[in-house]
Amino acid sequence: MPTITVPGYGAIEAAEGQRLVLVLADGGVDIGHRCGGYARCTTCRIHITSGEPKVMTCAEHDKLLDRQLLGEARLACQIIVETDMTVEPLMRVGEMGWSDPGPTPEETVTPEPEWREVD
């Protein structure tokens with residue numbers, strides 16, 4: 001089982017193939033997902049310090065490019081856990097003053113993923 005390490009939260013065990021945003025939320029990390037995990041809002045943005053996946057969805061790429069975040073952040077809602085990672089959430093619910101993180105993302109990546117290599 002891959003381990004997701006989050007500074008300030010510790011290590012979270014994840015099943016291979018899970019969406020990272022759900023692993024983090026289930027592990028007690030107060031990460032946002034205001035759009036419900038559809039790569040539209042970027043509130044699930046993270047910084048990956050180790051174990052970054054070599055691919056990303058086209059939806060993630062396009063949204064990060066649009067928001068001028070490409071190369072600076074990744075979207076947890078678009079990442080499938082395959083290996084150990086160390087990540088830092090960049091927008092926490094409590095820090096942003098939101099009353100909740102947003103709608104619960106589906107178990108599978110949405111929208112239907114088209115994959116590309118990370119630039």
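## A buried arginine and its partners

Arg-74 is buried, with a relative accessible area of 3%. Buried here means under 20% relative accessible area, exposed means over 50%, and partly exposed lies in between (1.4 Å probe, protein chains only). This is a predicted model, in which local features need pLDDT of at least 70 and side-chain atom pairs count only at pLDDT 80 or more, while totals for chains, interfaces and linings use all residues. Residues are numbered from 1 along each chain as its sequence is written, and side-chain values use heavy atoms, with hydrogens and water left out.

The side chain of Arg-74 meets that of Glu-52 in a salt bridge (3.0 Å, N to O). Glu-52 lies in the loop between E3 and strand E4 (55-57) and Arg-74 in strand E5, so the pair ties together parts that are 22 residues apart in sequence. A salt bridge is a side-chain nitrogen of Lys or Arg within 4 Å of a carboxyl oxygen of Asp or Glu. Helices (H or I, at least four residues) and strands (E, at least two) are DSSP runs, numbered from the N terminus. Glu-52 is partly exposed, at 34% relative accessibility. A network of salt bridges links Glu-52, Glu-60 and Arg-74.

## Other salt bridges

The whole structure holds four salt bridges. One of them joins the side chains of Arg-34 and Asp-100 (3.2 Å, N to O). Arg-34 sits in the loop between H1 and E3, and Asp-100 in the loop between helix H3 (93-96) and strand E7 (115-117), so this pair ties together parts 66 residues apart in sequence. Arg-34 is partly exposed, with a relative accessible area of 35%. Asp-100 is also partly exposed, at 34%.

Glu-95 and Arg-92 form a salt bridge through their side chains (3.5 Å, N to O). Glu-95 is exposed, with a relative accessible area of 57%. Arg-92 is buried, at 14%.

## The sheet

Five strands form an open sheet with mixed pairing, in the order E2-E1-E6-E3-E5. Strand E2 (10-13) and strand E5 (74-75) stand at the edges with a single partner strand each, so one side of each has no neighbour in the sheet. Two strands pair if DSSP finds at least two bridges between them.

E1 and E6 pair in the parallel sense over two bridges. Ile-4 stands opposite Met-85 in E6. E3 and E6 run antiparallel, joined by four bridges. Ile-48 has Val-87 in E6 as its bridge partner. Four of the five residues of E6 are buried.

## The nonpolar core

The largest nonpolar core has 25 residues, and Ile-4, Leu-20, Leu-24, Ile-46 and Val-87 touch the most other members. Strand E1 (3-6), helix H1 (20-26), strand E3 (45-50) and strand E6 (85-89) each give two or more residues to this core. H1 gives the largest share, five residues. Such a core is a set of buried Ala, Val, Leu, Ile, Met, Phe, Trp, Tyr and Cys residues joined through side-chain atoms within 4.5 Å.

Leaving aside neighbours within four places in sequence, Val-87 is in contact with residues including Ile-4, Leu-20, Leu-24 and Ile-46. Contact means heavy atoms within 4.5 Å.

## A buried histidine in a loop

His-33 is found in the loop between H1 and E3. His-33 counts as buried, at 6% relative accessibility. Beyond residues up to four places away in sequence, His-33 touches Val-21, Cys-41, Thr-43, Pro-101, Gly-102, Pro-103, Thr-104 and Pro-105. The C-alpha atoms of His-33 and Gly-97 are separated by 14 Å, and these residues are 64 apart along the chain.
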